[in-house]
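My notes follow in the order in which I looked things up.

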Amino acid sequence: MSLLKKFKNPRAQHNFEGRTCSITSVGSYVPSRVLTNADLEKMVDTTDDWITSRTGIKERRIAAADEFTSDIASKAALLAMERANITADQIDLIIVATITPDMHFPSTACLVQQKLGARRAAAFDIEAACSGFIFGLEIGQQFIMSRTYETVLVIGAEKLSTIVDWQDRNTCVLFGDGAGAAILQHRPQAHGLLTACMGSDGGKASLLSMPAGGSRCPATAESVSSRLHFLRMDGKETFKSAVNAMNSAAQEAMRRCDIDITQIKCVIPHQANRRIIDAVGERLGVTPEQLFVNLEKYGNTSAASVAIALDEAVTSGRIHRGDLVLLVVFGAGLTWGAAVIEW
Ligand code: UT7
């Protein structure tokens, strides 16, 4: 019997009057330029040993000066569209999750719509930092389940290299650029996004933010010279909040589906720090065989992080049709979330 039919918990958001929301394909893209820890040793007072032991990151990708978030997003989207065998005309809605839009407005989603030639699609951005891809899946799922749309494109895309302070060793070693995309559609066969849950805590907004550039602190010569247009983070407090929130979100998602961690084939956590991933994995009882980690190659790509990892888990054969997959994320806001997918 399909897992979808077995689940009894009424809060699981699947199989609503015969309607399911499948992720019919995924795709990802990372820029070709690699910035290694050895490169960073020449830029700030750091060492490969510190970065590797404190974070697990060995290298990250950096987009070219003329390659924008909308370009990175479009490349990931085109791959997902090709794999789902859909044309741009079939897309009803484009959701781009990003904290590094091409510009404040218009939305990066509208620029992606133009690049893809998806003329029928409505398009908008969401901003939930590193949690953005799961927030996007949850929003996209609602449109599919309500029968409003048939085909939704969800993208997590970032050019974080433009908001990283390359003079701040506390943060510049952590982040990278990239994008991941997913096509959501109703499919008669029973597999899909079983549940997605989201959480937020604006009381801890100051832990991770970019202070200037918005209505609170518009761009001035002073804001630029004070380096307020770069990302700032209280690493230690963010770390603690991340472990707690990711653990709770994952537990909640599994509870909604009446499953436990032993039934999950692959756990894909936000790729921010290997120590956070291991601490969350330990609390959840995840085995090394279940855990998917690729942050050594890309660092933290924020909204793109779990989207790229999901694509790599699928293309590398770690996930097969019918497997249960748990995504769990955490980011600025604070925001967090988890999703259970029957692949
Ligand atoms: O995606 C959104 C969520 N983001 C995260 O989840 C990130 C959460 N935080 C973290 O991953 C970790 O807190 C960091 C990796 C950012 C930092 O690790 P930590 O173990 O918390 O280090 P720390 O902040 O306690 O710093 C320890 C020392 C400090 O020196 P002092 O003050 O003890 O002399 C730092 O100045 O390490 C120093 N340090 C560095 N040294 C060499 C900080 N960055 C570096 C560096 N290279 N790049």
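I began with the sheet. I found an open sheet of 5 strands, in the order β1-β7-β6-β4-β5, with mixed pairing. Strands and helices here are DSSP runs numbered from the N terminus, strands (E) of at least two residues and helices (H or I) of at least four; two strands pair if DSSP finds at least two bridges between them. β1 (22–29) and β5 (122–126) stand at the edges with a single partner strand each, so one side of each has no neighbour in the sheet. From one strand to the next, the twist averages 15 degrees.

I noted what I was working with. This is a predicted model, in which local features need pLDDT of at least 70 and side-chain atom pairs count only at pLDDT 80 or more, while totals for chains, interfaces and linings use all residues. Residues are numbered from 1 along each chain as its sequence is written, and side-chain values use heavy atoms, with hydrogens and water left out.

Next I followed β6. Strand β6 (residues 151–158) runs antiparallel to β7 (residues 178–185), and 8 bridges join the two. Leu-153 has Ile-183 of β7 as its bridge partner, and Val-152 has Leu-184 in β7. Between β4 and β6 I counted 5 bridges, and these two strands run parallel. Ala-97 is bridged to Gly-156 in β6.

Is β6 buried or exposed? 8 of the 8 residues of β6 are buried, so the strand is largely enclosed by the rest of the structure. Buried means under 20% relative accessible area, exposed over 50%, and partly exposed in between, with a 1.4 Å probe and protein chains only. Both faces are covered: Thr-151, Leu-153, Ile-155 and Ala-157 are buried on one side, and Val-152, Val-154, Gly-156 and Glu-158 on the other.

Then I looked at the helices on the sheet. Helix α4 (residues 69–84) lies across β1, β6 and β7 and runs at about 135 degrees to β1. Helix α5 (residues 108–116) touches β4 (93–97), β5 and β6, and its direction makes about 130 degrees with that of β4. Axes are lines fitted to C-alpha atoms, for helices over the stretch in contact (heavy atoms within 4.5 Å). Angles run from 0 to 180 degrees between N-to-C directions.

I turned to the domains, whose bounds come from an automatic or database domain assignment. The protein is divided into domain 1 (3–185) and domain 2 (193–213 + 227–342). Their centres, taken over C-alpha atoms, are 14 Å apart. The contact takes 59 residues from domain 1 and 59 residues from domain 2.

I searched for nonpolar cores, meaning sets of buried Ala, Val, Leu, Ile, Met, Phe, Trp, Tyr and Cys residues joined through side-chain atoms within 4.5 Å. The largest has 49 residues, and Ile-261, Ile-264, Leu-326 and Val-340 have the most contacts inside it. α9 (235–256) is one of the elements that supply at least two residues, and α9 gives the most, with 8 residues. Domain 1 and domain 2 both give residues to this core, so it lies between them. Another core, apart from this one, has 36 residues, including Leu-193 and Val-329.

Last, I checked for disulfides, pairs of cysteine sulfur atoms within 2.5 Å. The whole structure has 0. For Cys-257, the nearest cysteine sulfur, that of Cys-197, is 8.9 Å away. Cys-257 counts as buried, at 0% relative accessibility.
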